[in-house]
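Open the model in your viewer and keep the selection tool at hand. The stops below go from whole domains down to single residues.

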Amino acid sequence: MDELRIGVIGAGGRGGLANEAHKPDQGSRVVAACDIRPEVFDHVRAAYGADLFVTEDYRALLARKDVNVVFVTTPDYCHEEHAVAALEAGKAVYLEKPMAITVEGCDRILRTARKHRSKLYLGHNMRHFAAIVKMKELIAAGRIGQVKTAWCRHFVSYGGDAYFKDWHSERANTTGLLLQKGAHDIDVLHWLCGGYSKTVTAMGDLMVYGQVPSRRDEAVRGVAAFNAANWPPMNQTLLSPRIDVEDVSMMLMRLDNGVLASYQQCHFTPDAWRNYTVIGTEGRIENFNDSGHCVVKLWNSRADGYRPDGDEEFVTELGMGGHGGGGASIVAEFLRWVRVGGSIATSPVAARFSVAAGCAATRSLRNGSVPQDVAPLEGGLRSWFESGQG
Ligand SMILES: NC(=O)c1ccc[n+]([C@@H]2O[C@H](COP(=O)([O-])OP(=O)(O)OC[C@H]3O[C@@H](n4cnc5c(N)ncnc54)[C@H](O)[C@@H]3O)[C@@H](O)[C@H]2O)c1
């Protein structure tokens, strides 16, 4: 491809990520934007130029022959429809996580990409977070021996603002927050542990936000902006009129390589970060903070008590744009891959398995924690993507 001419479906909100791709002097330019909220258009015209094509109908954007790359940054419940249409139109697609809200949706996206030979890239930007990359490097270098178990605790202080005021609060739009938010972490756990979940079980509940009395009017769009003054969580105001997703979820995974992993998510913590620890046959690693200034500690000698310092410490810094530092790095990787191919850190197959594991766990937590098998992916599709999409 010569110039990458980019269209963004869902130009507001996360669509701002396309700013990282708008580098006219380096051969990539945002030329079209779609959003169902026309108020977004002034903002994107200011960012990308007055001649930007704007539309409220994604089909009009996809019909443009001058667009060869599409970012799909709409809400989760739109991903399947928008990604399938963009791939059918022959565009190279950057698709935000989670890939879709059902396994069937993911597999339809994968089949469409293969059928039309359209490039599909999944926006799992945590694979570009410096602290996570450092943990992956330490594991690959054998610093903790063979990985046997990994645990993630996910504290979401902004949960009440970001997930219980708009579309995120309803199962119909997300399946549940264990999938919506946890898709990142299930993917990271799979990546660090070198396998995919085979069987999962989970427990969860709507423990706090269901009891908050202040609700917005059904007809008014929810405002999901973080406000530190909304504390403690019971003082939240203008939550969604309908909340049927959980605010606490806990999931156990047995991976196909025998590793056991766990993930815990809570939406009413005072602080916000993810804490991973991975334990192998010869040591343990753990991250402290996950964006900005982070420390990854390694313990690989023995003690019979608490040892906060570890044997070695690795400091990582942000320095690469927003959202944990992954934004600029992941978009640069996507653009390079569209142009010239080569290896990439994210994977459509892995994204699909994070959705499949999240869906199975959500089923488990809503059905008495009964263990659930994760839906397998047909071999032909898996090998197509694992061998680099043709
Ligand atoms: N990787 C990350 O770190 C990260 C961070 C934030 C959001 N996300 C993902 O990005 C997606 C969008 O999240 P968000 O918080 O920006 O949501 P949002 O509600 O702000 O939606 C994004 C934009 O899409 C527009 N939109 C909604 N429906 C549309 C439609 N049918 N056609 C065209 N435009 C439409 C909205 O008006 C909005 O401007 C989600 O899937 C979310 O999981 C990922």
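This is a predicted model: local features need pLDDT of at least 70, side-chain atom pairs count only at pLDDT 80 or more; totals for chains, interfaces and linings use all residues.

**Stop 1**

Colour the chain by domain. Domain 1 takes residues 4-126 + 335-344, and domain 2 takes 129-328, according to the domain assignment. Their centres, taken over C-alpha atoms, are 26 Å apart. Now select the contact between them. Eleven residues of domain 1 touch 18 residues of domain 2. On the domain 1 side, six are nonpolar, two polar and three charged.

**Stop 2: the parallel sheet**

Show strands β1 to β6. They make an open, parallel sheet of six strands, ordered β3-β2-β1-β4-β5-β6. Which strands stand at the edges? Select β3 (53-55) and β6 (120-123): each has a single partner strand, so one side of each has no neighbour in the sheet. On average, neighbouring strands are turned by 25° against each other, direction ignored.

Zoom in on β5 (residues 92-96) and β6. Four bridges join this parallel pair. Pick leucine 95, and you will find leucine 122 of β6 opposite. Side chains in a regular strand alternate between the two faces of the sheet.

**Stop 3**

Select alanine 86 in α3 (residues 76-88). Is alanine 86 buried or exposed? Alanine 86 counts as buried because 30 other C-beta atoms lie within 10 Å, where 20 or more are required. Beyond its neighbours within four places in sequence, alanine 86 contacts Leu62, Val70, Val72, Lys91 and Val93. For a sense of scale, draw a distance from alanine 86 to arginine 216. The C-alpha atoms are 34 Å apart, and 130 residues separate the two in sequence.

**Stop 4: helix α5**

Move to helix α5, residues 130-140. Show the side chains of Ala130, Ala131, Ile132, Met135, Leu138 and Ile139, which are buried. A helix has 3.6 residues a turn, so residues three or four places apart point the same way.

The partners are helix α9 (182-193) and strands β7 (147-155), β11 (273-280), β12 (283-288), β13 (294-299) and β14 (312-316). Then step past the helix to glycine 142, which follows α5 and has a positive phi near 80°.

**Stop 5: strand β8 and its two partners**

Select β8 (residues 197-205) and β9 (residues 248-255). The two run antiparallel and are joined by eight bridges. Click alanine 202 to find methionine 251 of β9 opposite.

**Stop 6: a helix crossing**

Finish with α4 (residues 103-116) and α12 (residues 379-386). What are the angle and the axis distance here? The helices pack at about 65°, with axes 10 Å apart. The crossing is left-handed.

Show side chains at the contact. From α4 come Leu110, Arg111 and Arg114; from α12 come Leu381, Trp384 and Phe385. By class, four of the contact residues are nonpolar, none polar and two charged.

Definitions and conventions: Residues are numbered from 1 along each chain as its sequence is written. Axes are lines fitted to C-alpha atoms, for helices over the stretch in contact, and angles run from 0 to 180 degrees between N-to-C directions. A crossing is left-handed if the near helix is turned anticlockwise from the far one by less than a right angle, and right-handed if clockwise. Two residues are in contact if their C-beta atoms, placed from the backbone, lie within 7 Å. Ala, Val, Leu, Ile, Met, Phe, Trp, Tyr, Cys and Pro count as nonpolar, Asp, Glu, Lys and Arg as charged, and the others, Gly among them, as polar. A residue is buried if 20 or more other C-beta atoms lie within 10 Å of its own, exposed if 12 or fewer, and partly exposed in between; C-beta atoms are placed from the backbone. Two strands pair if DSSP finds at least two bridges between them. Domain bounds come from an automatic or database domain assignment.
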